[in-house]
Amino acid sequence: MDGCLVVGGGVVGQLTALLLAEAGRAVTLIEQGGLGKESSWAGGGIVSPLYPWRYTSAVSELAHWSQFYYPELGLRLHKSTGIDPEVYSSGLYWLDLDDQGDAISWAHSQGRELFEISIEQVYKAVPQLEPNYRQALFMPDAANVRNPRLLKALRLALNRYANVQILESCKVEEFLIESGRCVGLGTSDGDVRAARTILAAGAWSGQLLATLGLQLPVEPVKGQMILYKCEPGFLPAIVLAKGRYAIPRKDGHILVGSTLEHVGFDKTPTEEALASLKASAEELLPALADAEVVGHWAGLRPGSPDGIPFIGEVPQFPGLWLNCGHYRNGLVLAPASCELLKNLMLGEAPIVDPAPYAPAGRLGLV
């Protein structure tokens, strides 16, 4: 018995599988639905936490590493697959924050390029904004990634490896435990055995781990988005005000999000959320009142305490590893989270201190 099983076909699962495959490991990737169809697809793709100064250093360190890595990842995937994930450094404006002073202090302490900018400069750069904002912060190197294309590129990259097997529409029914050790999975397609099993199932991770009597504090948090089609260049940068954001794609599409709803595993889009998101969009960018909404969808984030992911081996069941619980920052944190997991699994020097993410001491009993 050798190799690795990865449960979950989102960006964390696919990137985990890719890094392990590149390291020469045999990998089986298991997804209960279709690869890349859940929250990784549904998110906005901002390569930054929405308010980075409001997070602990555990989240900031992973985000910082990933932000530097993303342009390289985008170029590498484009070259190897022909699909451009469009890692787009557009910059990000925050408008009328209540804690602008905290943000500036954080930027100074972290050495990050985030600064106050006059509102006149903002309106010169983004004349489409509603005219009554008073103050702003700007992060010029903030980027966004076109996440559906990123997921397609990762899938094609995985297909290039003979040591990767992908099982879709395959439901995990149980963990196989022998002598206290996890040795694989019982699935709807039969038993699959491996030396290491990695749980990267997003919002479903807590539900799966509960079958072992362990309480993983990861729960689904619904988020709804809408998509407008505008002319390319309509919005030159990401803008964020009152907890809602607008993200430009290179071809003119504008994503507006997002809601935060604790409604279990229901991801049905609602008319109430559509009306709320449209109102926010038109308050932020009044010209969107005349633009067509060409998409409205919902996804389920893997909510976790303080948004700190679980990365590492489960001490109660050696052979079982976690890479889950990224909450609102799965796309942001994925490169660093997956690299750290690989470091730990293969005995490499870790890119960051792994202690804050370790499952030990963070799991309860059901």
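Does Phe115 count as buried, exposed or partly exposed, and at what relative accessibility? At 34% relative accessibility, Phe115 counts as partly exposed, where buried means under 20% relative accessible area, exposed over 50% and partly exposed in between (1.4 Å probe, protein chains only).

1. Basis. This is a predicted model, in which local features need pLDDT of at least 70 and side-chain atom pairs count only at pLDDT 80 or more, while totals for chains, interfaces and linings use all residues. Residues are numbered from 1 along each chain as its sequence is written, and side-chain values use heavy atoms, with hydrogens and water left out.

2. Aromatic pairs. Searching the whole structure gives 7 aromatic pairs. Rings of Phe, Tyr and Trp (its six-membered ring) pair if their centres lie within 6.5 Å; planes under 30 degrees apart count as stacked, over 60 as edge-to-face and the rest as tilted. Phe115 and Phe138 make an edge-to-face pair, 6.0 Å centre to centre with 80 degrees between the planes. Phe115 is in strand 4 (residues 115–117) and Phe138 in strand 5 (residues 136–139), so the pair ties together parts 23 residues apart in sequence. Helices (H or I, at least four residues) and strands (E, at least two) are DSSP runs, numbered from the N terminus. Phe138 is buried, at a relative accessible area of 13%.

3. A tilted pair between loops. Trp204 and Phe265 are 5.4 Å apart centre to centre, with 40 degrees between the planes, and form a tilted pair. Trp204 belongs to the loop between strand 10 (196–199) and helix 7 (205–209), and Phe265 to the loop between strand 15 (253–257) and helix 8 (271–284), so this pair ties together parts 61 residues apart in sequence. Trp204 counts as buried at 17% relative accessibility, whereas Phe265 is partly exposed at 35%. Elsewhere, Tyr51, Trp53 and Trp94 form one aromatic cluster.

4. Helix 6. The 13 residues of helix 6 (residues 147–159) should span 18 Å at 1.5 Å a residue, and its end C-alpha atoms are 18 Å apart, which agrees; the expected span is 1.5 Å times one less than the number of residues. Its buried residues are Asn147, Leu150, Leu151, Ala153, Leu154, Ala157 and Leu158. They cover an arc of only 165 degrees around the axis, which puts them on the same side of helix 6; the arc is that of the directions from the helix axis to the C-beta atoms. The elements they pack against include helix 1 (11–22), helix 3 (57–81) and helix 9 (330–346), with contact meaning heavy atoms within 4.5 Å.

5. The sheet 7-8-9. Three strands form an open sheet in the order 7-8-9, with antiparallel pairing; two strands pair if DSSP finds at least two bridges between them. Strand 7 (172–178) and strand 9 (190–193) are at the edges with a single partner strand each, so one side of each has no neighbour in the sheet. Strand 7 is joined to strand 8 (residues 181–187) by 6 bridges, and Ile177 has Cys182 as its bridge partner in strand 8.

6. Strand 18. In strand 18 (residues 320–324), 5 of 5 residues are buried. Strand 10 runs parallel to strand 18, with 3 bridges, and Thr197 stands opposite Leu320. Strand 17 (residues 310–313) runs antiparallel to strand 18, with 4 bridges, and Gly312 stands opposite Leu322. In the hairpin of strand 17 and strand 18, Gly319 takes a positive phi near 95 degrees.
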